[in-house]
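Have the model open as you read, and follow along from pair to pair.

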Amino acid sequence: MGSILLDNYHFVGYWGYDSHQELVSLCRKIKKQHHKLLSNTQHSSLSTQYLTWNIVSLSASGMHDFSDAWVRPEDSTLVLGREPFGRVPLYWMQQGQVIWFASQVQLLLPLIQAPEVNINALYGYHCFSYVPTPVTPVSQIHAIEAGYELSWNYNNNKITFLQRKQLFQWQQAPDLIYDETDAVKELQVLLKDAVNRQISDLNDEPVGVCLSGGLDSSIIAALLVQAGVKVKAYTVDFGNAGIPEYPYAEQVAQYLNIPLVKVDASPGNIQKALIPTVKALDLPFGDGVTVPLYLLAQAASQETKVIFNGENGDQLFAGWTNKPLIAAAIYQAQHPDKEESFIRQYLRTFHRLWGYEDIVYQSSVRHLINSSYVEDCLQEALDTQYSDELMHRLRRASLMLKGAQNIQPRATNIAFSQGLKVRSPFCDLPLTQWTFRLSSKLMLQGSCEKYILKRAVDDWLPKQIVWRQKRGMGVPLTSWCLHEFWYKLGDWLNPGILRNEGVFQPDIAAKIVSGEFSAAISGRRVGEVLWLLIMWELWRVHVFGESGKKELNHPFILPRNVWRFYNKCKV
């Protein structure tokens, strides 16, 4: 049995029975690959440490009281586990009578002679923009689900799987709170306690905060200032493209009297950071926010070692994405004969490629796809037995899916890549449990989402910040793809490479930008879908290790205006 701590942010190890010489050789192979992947980062000089271990754990926050992923040997038993918010990923694979485990998929890849892409993971990614656990993009590697422990027994030189144990269940409380005044008072205390728990180890050093100017990140900044912490805020600036959010961040920073750094997320900087972001994320994440957040973490790392964010606020207090589902549920009650399954309605909220299978994939892959797989991925999260009220059912699903499988792990991986510890006060167990006691009317009042949270912080921030309509980070993906990144699309989504990979239709990018793919894929969705495909393809090259031969017969080799003129002439 043994383990290697590669740096303060990642580990890999093994448990079981095999030739000691062979295991040491494999460990050296992992170390070599790890340093190769990090050759252009600040962590490349960190040395490998070999440990004699009892428990190995990682904490996104860097606080010893908050273990987010752990490996624990107990006599002849191995236990791998993660906390329910999903902050730190954990992966495993079995080779013979050895269980290998690691905090990154790319640390296990050198152990596999012929790694294969998992088709279910590929399909899940294109439906959700992240790979749903417990699968990973690599068929031979598996993920520990957030909030679960897996255990194995070792006896007579043989490993046997023991159990999959759920550690915590998000569910509606039996005693709901209906009184607004009581709820506001209790919530104010819980918010302050959540922040105080995450600043208890700070010794007057400054901390950073990701400040979008939205409600959640602004609350965290305000609470840190109230607690007497030295705060420096960081916000992303897209320049003239898209809808600027930084003016709201500036307003909050001025109100709280804290310095604000605007991070340049111009197309040139985005392109430079794209490959480092793909490597840092470890798995493909298709949301457009990842590279801007990488640039933000990179800037913050020059001045601090701890970064706070407002992630998980939408999951706790039923953010704006729940509105379409609530409306659909009401419509269904009145028109049961036109009912579409609730799970399929939930799938639509991801706004990705679910339902486009026939025009996305080549025939050799299309017949391998199990269309019910992605619905199965949502089944447990949307199970009605845990919540009578629709709002709590949606919140449970959002915590388990979009939160634990997407938002939290990508935030941690980006922060770790820059040597940062990341702290998310909305990922607080007492606070989260309390939110499942709220009546639905306290969370959504009329058209106002997150109502009780806004009431609780009404005196902490400018009214315009508290009560303005929710809008996510306005990443101008469509503008970038159709202008600054036009020629790069020919490299990133090259028809020759796509044809040889045998997954996507080779001309999928051309069809998307020309509007031939689907009338529903227009406007901002053009950039979102292209980005989803780009991040997968870059992952295959820079993490999975594939390469292919490019061809020049594609529209992106021409200036866009020339190509558009050529297309009109053909018609």
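Glu-380 and Arg-164 are joined through their side chains by a salt bridge, with an N to O distance of 3.7 Å. Glu-380 sits in the loop between helix H14 (373-379) and helix H15 (390-417), while Arg-164 belongs to strand E11 (residues 158-166), so this pair ties together parts that are 216 residues apart in sequence. Keep in mind that you are looking at a predicted model. As for solvent, Glu-380 is partly exposed at 30% relative accessible area, and Arg-164 is partly exposed too, at 42%.

Next, turn to Arg-423 and Asp-201, whose side chains form a salt bridge at 2.8 Å, N to O. Here again distant parts of the chain are linked: Arg-423 is in strand E16 (residues 421-423) and Asp-201 is in the loop between helix H4 (180-197) and strand E12 (207-210), 222 residues apart. Are the two partners buried or partly exposed? Arg-423 has a relative accessible area of 2% and is buried, whereas Asp-201, at 32%, is partly exposed.

Now find Arg-87, which makes a salt bridge with Glu-83; their closest N and O atoms are 3.4 Å apart. Buried means under 20% relative accessible area, so Arg-87, at 10%, counts as buried. Glu-83 counts as buried as well, at 6% relative accessibility.

Finally, step back from single pairs. A network of salt bridges links Asp-287, Arg-352, Arg-410, Arg-524 and Glu-528. Across the whole structure, there are 32 salt bridges for you to explore.

Notes: Residues are numbered from 1 along each chain as its sequence is written. This is a predicted model: local features need pLDDT of at least 70, side-chain atom pairs count only at pLDDT 80 or more; totals for chains, interfaces and linings use all residues. Side-chain values use heavy atoms; hydrogens and water are left out. A salt bridge is a side-chain nitrogen of Lys or Arg within 4 Å of a carboxyl oxygen of Asp or Glu. Buried means under 20% relative accessible area, exposed over 50%, partly exposed in between (1.4 Å probe, protein chains only). Helices (H or I, at least four residues) and strands (E, at least two) are DSSP runs, numbered from the N terminus.
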